[in-house]
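Have the model open while you read, and click on each residue as it comes up.

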Amino acid sequence: LTVDISEGIPREATLHTCRDCERWLQPPSQWVTAAPESRELLALCLKKLRGLSKVRIIDASFIWTEPHSKRIKVKITLQQEAFEGTILQQTFEVEYVVASHQCPDCAKSFTANTWRSVVQVRQKVSHKRTFLYLEQLILKHSAHKDTINIKEAKDGLDFYYSQRNHAEKFVDFLTSVAPVRSKKSQELISMDIHTSTKSYKFTFSVELVPICKDDLVCLPIKLAKQAGNVAPLTLCYRVGTSVNILDPNTLQTTDISAPIYWRSPFNTLADVHELVEFIVMDVEPTGIQKGRFFLAEATVARATDLGNNDTTYFTRTHLGGILHPGDSVMGYHLSGTNFNNPQFEALEESNAYSSAIPDVVLVKKHYERKKKKARNWRLKRMNKDEGEMLPRKQDQQRMEQDYEMFLRDVEEDQDLRSTMALYKAQQEKKLRDQMEGVETASMADTVETEGDEVPKIDMDELLDEFEELDVADDQ
């Protein structure tokens, strides 16, 4: 007498997987993530078999197959009572054929004009340094993982999403890392008059505060008094969730949050493209220190004036800890400069502040870069669609200059560096990443001086790629 307790259970079945996202189809329409030979994949295999509910499963395990064979074998042990007091146990194998099937999410990502929501990030400034920093924050926190396309636009970037909640999540991320304001609009695409079902496209407009690191800012006098009675003429030394400003004459710091700024917006007085090189003739520390800032009195002369005239300028600076006589320093030359700025005009007409306007505002130490050398570190870049119009040659050069200036800021500012992920640079890894769609930062264009004074990034601060870590799984 022969009894087959596995009768009615199929020995073959088909599993569907998406090649792009490597997810598996769980009928009827759910796509789940499951690693090879994992518990999740085993559960998915067992659900594919009909008739298992009538028997008791004792054990189930994978049988090794060639990875490229598109076959998965599972050994199943069943138990069932055949006669009264007689329990039978049987082991058999089931073979699954792995078939490729594109999931709806990947199908949308490869089809044009299928987005449901877009986040338009804009900043009305003449350079891209803020977007370069924002790009590194997005990459570090993987905030762009749900995007189906990233497109460059005038003054910013557009992030396209297939779902509205993904766009709202990205807007919340931007609000948590930068001073922004956002607006939401929606457009009706279609409507079913029988069921009143409507389909919308959503647009989120996110505008960043047009103030960047190292910009010269002239605050409205009323706002300066409200913000701790700080001097109106200040420097922006950091942009986080709010704009952090510093008075270089007194080392007084304060921050301006996004709601306060957008209540009465104002523009910067001058940006980094208007910096002038000065030579330090003399430095006298005052002994006042606040954090990493050291107050000092400095006598400087324009680098272009040396040998032509003896004009020098006396100023107070927050760079007393790193400046020495003979150093080069970048600063804003206010003496004889005309600014088309209502806040600065009000400052000149004020009896309290007009006499305190300095001739020179020093911003940062300048390192003379002569010899080009490859950096030992690199930054990842996002793949962006440049759109229909390629940038002009002049715009391309300006973007390269902005990127080089950003890399120098990363080298010189440790606080800025601590918020980003820096990777060890390897030429062969760079080429492989470009083939796989991950753009890498330019590894040339670094510079160092003969005195070797240029700040260098310690190797301990750099990260390895996961592909470069040869970790063997002993299990």
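1. Let's start with H333. Leaving aside residues up to four places away in sequence, H333 touches V276, F278, R302, Y313, D359 and V360, where a contact means heavy atoms within 4.5 Å. One of these neighbours, Y313, also makes a polar contact with H333, side chain to side chain, at 3.1 Å. (A polar contact is a pair of N or O atoms within 3.5 Å; within protein, one must be able to donate a hydrogen and the other to accept it, and residues adjacent in sequence count only if both atoms are side-chain atoms.) H333 sits in strand β19, residues 328–333, and is buried at a relative accessible area of 13%. Buried means under 20% relative accessible area, exposed over 50%, and partly exposed in between (1.4 Å probe, protein chains only).

2. Before going on, some ground rules. This is a predicted model, so local features need pLDDT of at least 70 and side-chain atom pairs count only at pLDDT 80 or more, while totals for chains, interfaces and linings use all residues. Residues are numbered from 1 along each chain as its sequence is written, and side-chain values use heavy atoms, with hydrogens and water left out.

3. Now the overall picture. The protein has 10 helices and 26 strands; these are DSSP runs numbered from the N terminus, with helices being H or I of at least four residues and strands E of at least two. Of the 475 residues, 43% are buried. Among contacts between residues at least 6 apart in sequence, 67% join residues at least 24 apart. The protein exposes about 27,100 Å², and carbon and sulfur atoms supply 47% of that area. Accessible areas come from the Shrake-Rupley method with a 1.4 Å probe; for residues, only the protein chains shown count as cover.

4. The C-alpha atoms of L132 and D402 are 8.8 Å apart, although 270 residues separate the two along the chain. L132 lies in helix α3, residues 129–140, and is buried at 8% relative accessibility. Not counting residues up to four places away in sequence, L132 touches R381, D402, Y403 and F406.

5. On to charges. Side chains of opposite charge can pair when their charged atoms come close. How many salt bridges does a search of the whole structure find? The search gives 14, a salt bridge being a side-chain nitrogen of Lys or Arg within 4 Å of a carboxyl oxygen of Asp or Glu. K124, R181 and E207 are linked in a network of them.

6. Two pairs sit within helices. R164 and E168 meet in a salt bridge at 3.1 Å, N to O; they are four residues apart in helix α4 (residues 164–177), so about one helical turn separates them. R164 is partly exposed at 36% relative accessibility, and E168 is partly exposed at 28%. In helix α8 (residues 393–412), E404 and R408 are also four residues apart, so about one helical turn lies between them. Their closest N and O atoms are 3.0 Å apart in a salt bridge. E404 is buried at 13%, whereas R408 is partly exposed at 27%.

7. Next, a pair that reaches across the sequence. D327 forms a salt bridge with K365, with the closest N and O atoms 3.4 Å apart. D327 lies in the loop between β18 (313–317) and β19, and K365 in strand β20 (residues 360–366), so the pair ties together parts that are 38 residues apart in sequence. Are D327 and K365 buried or exposed? Both are buried.

8. C106 is in no disulfide; the nearest cysteine sulfur, that of C103, is 3.4 Å away. C106 is buried at 9% relative accessibility.

Key. A disulfide is a pair of cysteine sulfur atoms within 2.5 Å.
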